[in-house]
Structure formats: structure tokens, C-alpha cells
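Let us walk through this model together, one element at a time. Keep the sequence and the 3D view side by side as you read.

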Amino acid sequence: MKIVAFMSYAHSDERNSRGRITEIRERLEEEVRLLTGYGEDEFQVFWDKNDIDWGQSWRRRIDDTLDGTALLLPVVTPTFLKRPECRREVELFLDRESKLGRDDLIFPILFVGFEYGNEPTEDSLYNAIMSHQWIDWTEYRYEPISDPAARQTLDKMAQGICLVLQRKLQTQESGAMSSGTAAGGAPLPPGLGEPEDDSPLSETSGTPLFHRPNNGRETNPATLIVDPLNQGDHATIGGAIAAAEPGMRILVRPGLYEEGLVIDKPLSIIGDGSREEIVVSATGADAVIFKTTNGRIQNLTLRQNGGENGSWYGVDIGQGRLDLEGCDITSLSLSCVAVHSGAEPMIRRNRIHDSAQSGVFVYENGQGTFEENEIFGNGRTGVVVQEGGNPTFRRN
């Protein structure tokens with residue numbers, strides 16, 4: 001038995017998000033297959049970019065599937081709600097649900113919040129969409145798909161889909177399939193039985209995997225866009241840091257940024273694109289100096305290129321808790337990463353290599369946790385700990 005899902009979205013949202021919707025679709029398809037044991041011919045997520053011609057062909061494809069074995073995944077944004085074709089696709093599925101006596105064939109993905117712009121509660125179609133169980137992707141819109149919280153959210157959505165597929169198959173096959181199995185006898189995820197209500201639950205915490213609309217939902221952090229071609233809010237990362245209010249997010253587009261960064265307020269600085277194409281290159285300065293209470297740097301290439309007196313680090317962390325994740329860090333002067341003065345960063349999944357001295361230098365009561373980093377090819381030592389340093393290293 002073939003299960004299909006159709007992803008409905010506005011093409012401009014895919015372009016403006018630089019392929020984020022493509023990544024969600026591919027990873028979600030992989031997660032459902034992983035959890036169920038389905039092959040490529042048993043579960044697919046179709047969309048109009050590659051798979052089928054939309055319009056009448058899309059309708060025929062739905063009609064050709066067995067009742068209840070087709071799902072809709074609308075990527076909900078203000079633009080989506082303005083597109084007549086997107087609205088028609090949702091209306092078709094709502095009508096399909098009504099005819100089948102179901103209310104679980106639509107899995108909305110809230111991709112952009114509605115705190116600004118048109119008021120969604122005035123739109124009856126939006127209300128109908130969001131009366132279903134939905135996933136809130138708004139806080140991950142600027143995050144790489146590899147972000148642990150984003151991956152966990154996708155996994156939760158895949159588990160919710162598995163629950164619905166289990167209910168469908170049990171109903172359609174009139175008990176011929178034993179509880180807890182998928183098509184072809186493949187086991188469904190452990191613990192994914194029928195929930196007591198209509199909201200799939202986490203098997204460990206009992207908290208909802210999906211959400212109902214919540215008008216009191218917190219808004220996303222304000223975001224500044226850095227683009228070297230002056231197509232964002234700032235052309236330099238330093239300019240964005242100076243202009244940002246504490247707690248803001250800075251999204252960095254691909255380019256070469258010849259500057260050293262001084263982070264002196266709580267901020268998130270995240271590369272938007274391929275890490276190899278987002279390069280901070282500093283000569284005669286640290287690539288990054290972190291001297292605030294907390295913050296985040298993710299998905300950047302950080303290069304310290306040496307300079308006069310040779311006393312520069314790739315990343316110098318002298319205060320607070322910095323989450324440094326998924327970066328590629330080198331230094332032609334001192335160490336790639338230095339932690340000192342009681343700082344307690346979380347350093348995860350970085351490439352720390354080719355320094356003139358050590359890859360990691362922890363001193364003067366520096367602490368912190370280093371997990372799953374690649375530390376290699378450094379001039380003297382991979383890791384140096386001295387002068388009261390007390391870090392934790394796991395799986396490096």
C-alpha cells in the first residue's frame with residue numbers, strides 16, 4: 001500500500017527562504033521512512049517543483065490514491081494565504097476530509113508567524129487549517145536544518161504522521177494488520193500507540209508533539225540581515241552587531257567579511273547558506289572576541305590570518321556562555337579557540353584545525369564543554385589545559 005503526502009507552498013517562500021522548504025520536505029520524508037521501515041515506493045512527499053504537474057494532474061493523483069492514504073502538508077505563511085492556487089489545494093483536502101469523516105489528513109507547518117501584517121483570525125481558511133494539529137517552525141526558519149532542536153521538531157512531526165498512518169491502515173484493513181505495524185509488517189516506532197486524545201504525545205514526557213493555535217505565543221527574536229552586496233540591513237557583521245539590541249538574531253549571507261568581530265551583548269549570529277561560503281577573515285585581530293553573558297555563533301567559517309605581534313586567537317572567549325556550533329575555525333597566530341577567566345562555553349560539532357599553536361587552549365579557570373568537534377592538524381597540540389582550566393570533553 002502506497003502512502004503519499006503533498007506539500008503545498010508558495011514558490012516565493014521557497015526562494016526567499018533560500019531552499020529551507022526543500023530541506024524540510026527531504027528530511028521529513030527520510031524521518032518517516034526511518035521510523036516506519038517504508039521504502040521509497042511506499043512513502044513519498046510530492047510537490048510541484050519536481051514531482052508532478054500541479055492543477056488537474058495533482059487532483060487526479062489524489063483521486064488515484066486510496067481513501068485516507070493521502071496527506072497534505074501546507075507551509076503556512078502570509079504569502080501562502082494570498083495565493084488562490086494554494087487556497088484551492090487546502091479547500092480540496094478539507095472537502096476530502098469531510099467526505100471521509102476525518103480531521104487528520106492535514107499537517108500544517110507554520111513557517112512564518114503572523115504577529116505582523118494581515119490578521120489571520122479574520123481568515124476562515126486559516127482558521128480551518130490551524131484547527132488541525134500543526135508544527136511551529138517559525139523559530140527555526142533561520143536555523144540550519146542540522147540544528148538539534150530543528151531536527152527534533154522534524155522527528156516529532158514524523159512521529160505524528162506515523163500515528164495517523166497507523167490509524168488509517170488499521171481502519172482500512174479492518175484489523176488485518178496487527179497493532180504497531182506498518183505496511184508490509186514493518187514496525188512503527190516504539191511507544192506510538194493511540195493517544196487518549198487527538199494530539200500525538202511524546203512517549204517520554206507526555207507533552208503534545210503538535211500544537212493548537214495560541215494567540216499568546218511568543219514572537220520570534222527580531223532579525224538583522226547581513227549581505228555583502230547591500231541587499232540586507234547591513235553590509236558588515238560588525239555593523240549589525242553595533243546596531244543590534246540585546247537578544248536579536250543576526251543572519252549572515254554568503255560572502256567574505258574581512259573584519260574581526262567583538263560580541264559585547266547577547267546575540268545570535270547564524271550563517272545562512274553553505275558554511276564554506278560565509279567567511280569571517282581577520283588579520284591583526286581575533287576573528288571573534290566574546291565578552292558578554294551569553295550568545296550563539298553557528299555555521300560560519302572563522303579565519304585568523306596572523307598579523308603584527310602574532311597574539312591573536314581564532315575565537316577568544318573570556319566571559320559567559322557562548323554556544324559555538326558548526327563552525328570551521330583556523331588561526332595562523334595563536335590557538336583556534338581560547339577559553340579563560342571563568343567562561344563556560346558550549347563548543348559543539350566544529351572543525352578546529354591548522355592553528356600555529358594549539359587547537360584549543362583553556363586557562364585561567366576557563367571551563368566549558370566540548371562535544372563532537374574535529375580537532376586536527378594544529379601546529380603544536382590539539383588541546384592544552386593549564387592554570388586552573390577545567391573543561392569537559394566528549395566524543396571529540
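This is a predicted model: local features need pLDDT of at least 70, side-chain atom pairs count only at pLDDT 80 or more; totals for chains, interfaces and linings use all residues.

Residues are numbered from 1 along each chain as its sequence is written, and side-chain values use heavy atoms, with hydrogens and water left out.

Strands here are DSSP runs of E with at least two residues, and helices are runs of H or I with at least four, both numbered from the N terminus. Two strands pair if DSSP finds at least two bridges between them. By that rule, strand 10 and strand 13 (residues 294-298) pair in the parallel sense, over 3 bridges. They belong to an open sheet of 8 strands, paired in parallel and ordered 6-7-10-13-16-19-22-25. At its edges stand strand 6 (223-226) and strand 25 (392-394), each with a single partner strand, so one side of each has no neighbour in the sheet. From one strand to the next the twist averages 10 degrees; such angles run from 0 to 180 degrees between the N-to-C directions of axes, which are lines fitted to C-alpha atoms (for helices, over the stretch in contact).

Now turn to another open sheet, in which 6 strands pair in parallel in the order 8-11-14-17-20-23. Its edge strands, strand 8 (255-257) and strand 23 (374-376), each pair on one side only. Here the twist averages 15 degrees from one strand to the next. Strand 8 joins strand 11 (residues 278-282) in the parallel sense through 3 bridges, and Leu-256 has Val-279 in strand 11 as its bridge partner.

Some loops deserve a look too. Arg-275 is found in the loop between strand 10 (268-271) and strand 11. Is Arg-275 buried or exposed? With a relative accessible area of 17%, Arg-275 is buried, since buried means under 20%, exposed over 50% and partly exposed in between (1.4 Å probe, protein chains only). Its side chain reaches the backbone oxygen of Gly-326 at 3.1 Å. That is a polar contact, defined as a pair of N or O atoms within 3.5 Å; within protein, one must be able to donate a hydrogen and the other to accept it, and residues adjacent in sequence count only if both atoms are side-chain atoms.

Arg-349 has a positive phi of about 55 degrees although it is not a glycine. Look for Arg-349 in the loop between strand 19 (346-348) and strand 20 (351-353), where it is partly exposed, with a relative accessible area of 29%. Asn-365, also not a glycine, has a positive phi of about 65 degrees. Asn-365 lies in the loop between strand 21 (360-362) and strand 22 (369-371), and its relative accessible area of 48% makes it partly exposed.

Let us move to strand 3 (residues 70-76). In a regular strand the side chains alternate between the two faces of the sheet. On one side of strand 3, Ala-70, Leu-72, Pro-74 and Val-76 are buried, and on the other so are Leu-71, Leu-73 and Val-75. With 7 of its 7 residues buried, strand 3 is therefore largely enclosed by the rest of the structure. Strand 3 runs parallel to strand 4 (residues 109-110), joined to it by 2 bridges, and Val-75 has Ile-109 as its bridge partner there.

Next comes helix 5 (residues 84-100). Which residues of helix 5 are buried? They are Cys-86, Glu-89, Val-90, Phe-93, Arg-96 and Glu-97. Seen down the axis of helix 5, these fall within an arc of 115 degrees, so they line one face; the arc is that of the directions from the helix axis to the C-beta atoms. The face turned away from the buried side carries the exposed residues Ser-98 and Lys-99. Gly-101, with a positive phi near 70 degrees, follows helix 5.
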